[in-house]
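Please keep the sequence and the 3D view open while reading.

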Amino acid sequence: MGYKELVLNLPPACREDDIRQAISDKLGFHEFSFHILKKSFDARKKQDLHWRIQVGVDSSRLRGPSPALAPVLSIPYKKGRGRVVVVGCGPAGFFSALVLQKAGYEVTLIERGTAVRDRASRIARFEQTGVFDPLGNYAFGEGGAGTFSDGKLTSRTKHITKEKNFVLSCYMEAGAPEEIGYLAHPHLGSDHLKTIVSTLTGQFRALGGVVLFETLLDDLVVRDGRVCAVSTSRGVLDADQVIVAPGHSAYDTYRMLIRRGVPFRLKNFALGSRVEHPQELINTAQWGRARLPGVKAAEYRLTSPGDGTLPVYTFCMCPGGMVVPATATAHTNIVNGMSLYARGGGYANAGCVVGVNIQNLLQREVTPLEALDWLESLEQSFHEQAGGFRAPACGIREFIEGRSKNTALTSSYPLGLKPADLWTLLPTPVSRALRAGLNDFSRTIRGFEDGVILGLESKTSSPIQMVRDETGHCAGFENLAVVGEGSGYAGGIVSSAVDGIKYALSILGD
Ligand SMILES: Cc1cc2nc3c(=O)[nH]c(=O)nc-3n(C[C@H](O)[C@H](O)[C@H](O)COP(=O)(O)OP(=O)(O)OC[C@H]3O[C@@H](n4cnc5c(N)ncnc54)[C@H](O)[C@@H]3O)c2cc1C
């Protein structure tokens, strides 16, 4: 059996038969099998929209050697390695727990929120009543922050092939479509994610892992630089290793860690709002037509130098999605975006944020604790301004011009909009840069300025970073780590999962 790789350019609505036909046209024979290696949509020229598909073809009529197998993560098993408590059932906590359970540890995974099915009902109730539920919301609960999301699986982190392949293969075994293994911009959608995370939890339990929902880590029991137990809302759990993967919305957990002497430092992060447009406006701008059979919905990713002092970029674009209330407490108001696998909704939204350094922004020295306090008080000010969870909003054109015009605002946001001079609610340097960025984006995407800008987007990444020693532990602790987005070393589903896996592998010591 021989092997050959081919690159095919095929029309948007192409199907598997068309791929087969294109291969046989290139090879001149029909006796082969093939698999897709990479698939991306090329929308650079509106007159020539096409899929670029790289395939691997096997046939007895070919001569080339088969490629080397993709690198596989190896998890060495040893019986009775000890007890681990992992805190947080998001991607970082879950995948570190899974690796350690497979390696022979006895792992208990605790999660302050509820299991995903119950969480979904609590979120639905929040969106109907406006009454926030601390046990089940967009930030907390089984699967972590990304469960009710667009489920984009892209990551810009380098040198993570084995760990990333492990994550993707776990998702596929739990029901994700195989295309996540080859699409340039793979995504799962909230509908797939809900099933996938509960299937994964079931697999972890089947390996002997213990999962405790509605269990809050409230303290660490530390003796001579070792954490010997964790104190939780359900009692004390002894541990040989403790991994905390709390995401970056759990201010109470951050404060407890800082109080216990876990060292953190400041890092740059981003602040801004979300922009939203009719999806057809984005499709037309990107493709020259409102719909394109074979392609779900047009995407964009935009960057701008802003006002020359702070950069502006779009982040976490959700084609055909919804803007959602992503707060983790009853007194803060922030937004984020999600979509279903079909990306069939009528709106496109994206974070539109400004890269900031908090000390430059506030023009003074700031401790990590003060950075958290400042960010939380900004999130609270949005809650106060809106009188709850409506999203303060205005037209993008109004924001650019800095003038209220009572523009009619339409949005997918389920809790309603509160018309506001949004530029006055954000820190002045952020508004100034955002205004310049929005202006630039309106030159790139026709009709961009006709969209809506809403809410506070403050969760692109953590404003603080845990100080790690060379082994990955929290500096000053022998057996404690903070991993994932809350550590300040990762952001996004895949990179957080990989951060958890890398730490788990590092403590195996085989
Ligand atoms: C609405 C939304 C959409 C998103 N869309 C995407 C996307 O499309 N693609 C992408 O890559 N990323 C997306 N993200 C970001 C992504 O979800 C996060 O980067 C990722 O989930 C971080 O993983 P993590 O495991 O580090 O933390 P998290 O997923 O935040 O998980 C932390 C978990 O720890 C729990 N926890 C916190 N404190 C405690 C405690 N004291 N005791 C017990 N449990 C605790 C929390 O309840 C939570 O479940 C989105 C986020 C949101 C909110």
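Which residues in α2 meet which residues in α13? The model is predicted, and in it the α2 side of this contact consists of Pro 91, Ala 92, Gly 93, Phe 95, Ser 96, Val 99 and Leu 100. They meet Ile 493, Ser 496, Ala 497, Asp 499, Gly 500, Ile 501, Tyr 503, Ala 504 and Leu 505 in α13. Sorted by class, the contact of α2 with α13 holds 11 nonpolar, four polar and one charged residues.

Two packed helices are described by the angle between their axes and the distance between the axes. For α2 and α13 the angle is about 35°, and the axes lie 7 Å apart. The crossing in which α2 passes α13 is right-handed.

The next level is the domains. The domain assignment divides the chain into domain 1 (2–59), domain 2 (83–265 + 465–506) and domain 3 (268–457). Taken over C-alpha atoms, the centres of domain 2 and domain 3 are 27 Å from each other. Contact between these two domains involves 23 residues of domain 2 and 23 residues of domain 3. On the side of domain 2 that touches domain 3, the elements giving two or more residues are α5 (189–206), α6 (251–259) and β11 (264–266). Of these, α5 provides the largest share, four residues. By class, that side of domain 2 has 11 nonpolar, eight polar and four charged residues.

The ligand brings domain 2 and domain 3 up again: each gives at least three residues to the shell around the ligand. There are 43 residues around the ligand, and those that come nearest are Gly 88, Gly 90, Gly 144, Gly 247 and Gly 484. The elements that contribute two or more residues to the shell are α2 (91–103), β16 (335–338) and α13 (493–506). In terms of class, the shell has 20 nonpolar, 18 polar and five charged residues.

What remains is the strand pairing around β3. Strand β3 (residues 50–59) runs antiparallel to strand β1 (residues 2–10), and nine bridges join them. Asn 9 stands opposite Arg 52 in β3. Strand β2 (residues 33–42) is also antiparallel to β3, again with nine bridges. Here Lys 38 is placed opposite Gln 54 in β3. In a regular strand the side chains alternate between the two faces of the sheet.

Technical notes. Residues are numbered from 1 along each chain as its sequence is written. This is a predicted model: local features need pLDDT of at least 70, side-chain atom pairs count only at pLDDT 80 or more; totals for chains, interfaces and linings use all residues. A residue is near a molecule or strand if its C-beta atom, placed from the backbone, lies within 6 Å of it. Ala, Val, Leu, Ile, Met, Phe, Trp, Tyr, Cys and Pro count as nonpolar, Asp, Glu, Lys and Arg as charged, and the others, Gly among them, as polar. Domain bounds come from an automatic or database domain assignment. Axes are lines fitted to C-alpha atoms, for helices over the stretch in contact, and angles run from 0 to 180 degrees between N-to-C directions. A crossing is left-handed if the near helix is turned anticlockwise from the far one by less than a right angle, and right-handed if clockwise. Two residues are in contact if their C-beta atoms, placed from the backbone, lie within 7 Å. Two strands pair if DSSP finds at least two bridges between them.
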